[in-house]
Amino acid sequence: MAYSDKVLDHYNHPRNVGSMDKSDSAVGTGMVGAPECGDVMKLQIKVNPLTGIIDDAKFKTFGCGSAIASSSLATEWLKGKTVDEALTIKNTDIVNELALPPVKIHCSVLAEDAIKAAISDYKIKQGADVAALAQAH
Amino acid sequence: MKPIYFDNHATTQLDPRVLQAMLPYFTEMFGNAASRNHAYGWEAEEAVEKSRGQIASLIGANSKEIVFTSGATESNNLAIKGVAEMYAEKGNHIITAATEHKAVLDTCKHLEKKGCRVTYLPVMGDGRIDMEMLQSAITDKTILISIMYANNEIGVLQPIAEIGKLAKERGVLFHTDAVQAVGKVPVNVISDNIDLMSITAHKMYGPKGVGALYVRRKGPRVQLTAQLDGGGHERGMRSGTLNVPGIVGLGEACAIAKAEMAEESKRLSGMRDRLRAKFEAALDEVFINGSMEHRLPHNLNMSFAYVEGESLLMGINDIAVSSGSACTSATLEPSYVLKALGLGDDMAHTSIRFGLGRFNTDAEVDYVADKLISVVIKLRELSPLYEMVKEGIDLSKVQWTAH
Ligand SMILES: Cc1ncc(COP(=O)(O)O)c(C=O)c1O
């Protein structure tokens with residue numbers, strides 16, 4: 001199978017590999033996929049509490065080159081966006097940017113799911129924080 | 001630069017000596033081996049008969065027992081369908097195994113639609129069939145046992161002599177797909193009690209598109225219903241003008257294998273063992289798939305846990321190997337052979353098959369080992385699974401969001 005130059009670039013130089021502290025209230029973590037299916041993505045965002053902007057994003061992915069590239073690209077796009085802007089990232093944007101063939105579209109879907117899962121985790125944490133604050137008072 | 005070729009179970013490079021033997025039969029010696037009236041025919045026939053003798057001599061057969069075909073897919077089809085049709089009055093039951101090549105499995109599936117009953121034996125964790133299970137699968141309707149000599153993915157050798165003995169005792173014909181074994185390990189149709197055996201030239205440094213079926217002539221005399229109608233070549237079992245250059249190549253490949261097999265298998269198993277040792281010394285969580293004891297000398301099949309196979313292949317694009325990962329197969333299903341061993345899909349996705357061959361060198365082994373190790377380490381830094389395992393998380397207890 002031939003890979004697009006962009007997929008190769010992300011595979012050879014993955015951006016933003018790593019992990020952030022899951023318990024940090026400013027960090028949202030999304031983990032999607034399953035080992036039996038051949039791909040698992042973990043995507044994390046860190047949101048600046050003052051600006052509401054995603055300051056940092058990290059990923060780790062078990063999966064084929066296109067899955068690695070999709071999640072690497074997602075972290076690039078997430079940085080600098082607000083949480084609401086981040087929710088507008090669509091899997092088709094990833095497909096177009098990376099020139100993914102039809103058999104690899106599921107990789108982009110997984111990346112979109114990972115973004116949504118990370119944001120949802122972050123929002124739940126924020127809600128919980130507000131609740132915890134309210135209780136403390 | 002072309003990639004280093006470590007995929008010798010898929011096909012092998014033509015040996016230059018084989019090519020030399022074939023060349024005249026493309027040009028000045030172009031006769032039809034069935035032409036009985038002139039020298040062109042006679043020299044072609046002579047070349048075909050020489051090849052028959054070279055093949056027979058490698059496998060302990062008589063040259064009259066060799067039927068030329070277009071390759072092992074055809075040999076398997078001819079053996080299994082030919083027996084099923086010829087012996088239909090005696091019975092309709094065939095026994096085979098879950099890890100067979102598609103050329104056997106799909107032939108059996110075809111026969112099931114025509115009213116045959118087929119038992120697909122499971123294999124044990126080491127890839128071998130259970131002899132007791134085979135024994136109890138035989139009924140008075142069983143006409144054929146078809147079990148491969150060596151598997152093309154994991155290189156595991158089946159207990160062929162035991163199967164042959166059992167088949168003979170029970171009066172059942174025994175076919176073996178010996179494509180991966182012939183020329184690599186000693187194969188003898190007499191001592192192994194084999195009645196039918198498929199071989200192909202391109203897995204033993206010969207050309208593609210030519211193979212043979214061994215068909216026993218004595219004790220018992222095996223008969224087959226031909227699958228191609230035509231001029232009645234090959235004692236009526238396989239019509240069609242013989243591929244003389246290909247047949248010459250197959251014969252030469254057998255002669256070379258007979259002369260060099262002992263030496264070559266020692267050399268290749270040494271290289272294979274070194275490759276394995278390097279992986280095991282440098283990496284944790286690597287696993288061998290299939291029996292190491294009953295195995296072809298040149299095969300290694302390993303799972304590099306927590307690293308998906310296709311991403312691994314992408315990092316070693318200057319090395320030609322194959323993976324059991326779904327992403328690399330047309331069906332998007334991980335290897336059915338590895339699953340038959342009881343491997344979970346997760347481990348099948350991380351497997352790589354190494355097939356060493358005649359033209360590989362020690363330097364290539366070192367290069368492949370070092371390269372693969374560095375890519376596995378890099379991809380494990382990227383792997384959320386590896387990170388979780390290192391944190392002490394039991395992956396089997398995690399609630400995954402399957403998609
Ligand atoms: C075990 C086995 N059987 C049969 C075949 C088919 O052989 P051929 O390519 O000659 O049709 C192969 C090769 O792909 C094989 O590995």
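Author: A compact globule of 403 residues would have a radius of gyration near 22 Å, and chain B agrees because its value is 22 Å. The radius of gyration is taken over C-alpha atoms, and the globule rule is 2.2 Å times the number of residues to the power 0.38. This is a predicted model, where local features need pLDDT of at least 70, side-chain atom pairs count only at pLDDT 80 or more, and totals for chains, interfaces and linings use all residues. Residues are numbered from 1 along each chain as written, chains are lettered from A and ligands numbered from 1 in written order, and side-chain values use heavy atoms, without hydrogens and water.

Reader: What does chain B span along its principal axes?
Author: The C-alpha trace of chain B spans about 75 × 50 × 35 Å along them.

Reader: And how many helices and strands in chain B?
Author: Chain B has twelve helices and 13 strands. Both are DSSP runs numbered from the N terminus: helices are H or I with at least four residues, strands are E with at least two.

Reader: How much of chain B is buried?
Author: Buried residues are 58% of its 403. Buried means under 20% relative accessible area, with exposed over 50% and partly exposed in between (1.4 Å probe, protein chains only).

Reader: Switching to chain A. What order do its elements run in?
Author: From the N terminus, chain A runs α-β-β-β-α-α-α-α. Its radius of gyration is 15 Å, close to the 14 Å from the globule rule for 137 residues, so chain A is as compact as a globular protein of that length.

Reader: What share of chain A is buried?
Author: In chain A, 49% of the 137 residues count as buried.

Reader: How do α2 and α4 of chain A cross?
Author: The axes of helix α2 (residues 65-78) of chain A and helix α4 (residues 91-98) of chain A come within 10 Å and cross at roughly 110 degrees. Axes are lines fitted to C-alpha atoms, for helices over the stretch in contact, and angles run from 0 to 180 degrees between N-to-C directions. That makes α2(A) roughly perpendicular to α4(A); angles of 65 to 115 degrees count as that, under 35 as roughly parallel, over 145 as roughly antiparallel and the rest as oblique.

Reader: Which residues make the contact?
Author: A:A69, A:S70, A:L73 and A:W77 of α2(A) meet A:D93, A:I94, A:E97 and A:L98 of α4(A). Contact means heavy atoms within 4.5 Å.
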